[in-house]
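Subject: Structure for you to look at

Hello,

Please find the structure below. My notes come after it.

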Amino acid sequence: MKKSGTSGRRLLLVEDESRLADALQVLLSREGYTVDVCPDGLSGLNAILANSYQAAILDVMLPGISGFEIVKKARETGISTPVLILTARSEVDDKVRGLDCGADDYLTKPFETRELLARLRALERRGKKDHPETLSLYDLSLDPASFTLTCTRNSQSVRLSKKEYQILEMFMENPGRVLSREQLAVKIWGYDSESEYNNVEVYLSFTRKKLAFIESSAKIKALRGLGYELREKNV
């Protein structure tokens with residue numbers, strides 16, 4: 001993966017035509033974007049799963065897996081990064097397929113760079129409107145747009161699964177409150193059953209490991225017979 005830019009808004013560009021990728025990288029960098037460039041579908045998928053982006057530009061026809069598959073897999077894991085699909089095809093079916101996979105917009109090659117930039121700005125505005133604000137508690141910052149958890153003391157961050165995110169979201173929206181296993185199961189899995197209680201225990205363990213990984217001062221404390229509370233370690 002090639003990177004350009006030192007600051008500003010971060011974009012993912014997945015394009016296997018090297019000359020077009022280089023030209024777009026220069027253009028976008030001049031517009032104030034930090035650009036990560038991937039030349040194939042698999043590296044593009046890994047990048048969008050591992051990083052937080054303002055938007056992603058995905059070519060459809062790629063080595064490995066297609067742009068359609070990248071956006072579909074990203075959406076299945078709960079990633080809501082705005083996606084613009086680039087395609088050399090003009091058929092309506094391809095445009096419909098891209099939108100149905102979870103893309104936010106499409107642009108047919110060849111295109112005017114002014115239109116590309118205008119569509120990116122529109123996606124950014126839409127993303128800001130659609131995404132709730134970042135949650136903060138203790139030394140934790142939880143980004144709902146990317147499912148990224150950051151320790152504000154050391155700037156270490158980690159991406160969460162959808163269930164891990166939902167667990168921490170519940171705790172951070174209810175500071176100082178003890179949440180029962182039943183409350184977590186019903187809120188996150190949607191119904192009350194013993195199998196979902198077991199899932200709660202599993203995902204709480206995963207979430208604790210993520211907190212430890214970023215060296216947060218917060219921990220999820222089990223309170224026997226009551227439930228769980230997110231608190232600082234020295235409490």
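The notes cover a pair of helices and then a sheet.

This is a predicted model, in which local features need pLDDT of at least 70 and side-chain atom pairs count only at pLDDT 80 or more, while totals for chains, interfaces and linings use all residues. Residues are numbered from 1 along each chain as its sequence is written, and side-chain values use heavy atoms, with hydrogens and water left out.

Helices and strands here are DSSP runs numbered from the N terminus (helices: H or I, at least four residues; strands: E, at least two).

Helix H2 spans residues 41-50 and helix H3 spans residues 67-76. Their axes come within 10 Å and cross at roughly 25°; axes are lines fitted to C-alpha atoms, for helices over the stretch in contact, and angles run from 0 to 180 degrees between N-to-C directions. H2 and H3 are therefore roughly parallel to each other (angles under 35 degrees count as such). On the H2 side, Gly41, Gly44, Leu45, Ile48 and Leu49 make the contact, and on the H3 side Ile70, Lys73 and Ala74 do (contact means heavy atoms within 4.5 Å).

The sheet is open and has four strands in the order S7-S8-S9-S10, with antiparallel pairing (two strands pair if DSSP finds at least two bridges between them). Strands S7 (135-137) and S10 (157-159) are at the edges, each pairing on one side only. On average, neighbouring strands of this sheet are turned by 15° against each other, direction ignored. S9 (residues 148-151) runs antiparallel to S10, and three bridges join them. Threonine 148 stands opposite arginine 159 in S10.

Regards

Definitions and conventions:
Parallel < 35°, antiparallel > 145°, perpendicular 65-115°, else oblique.
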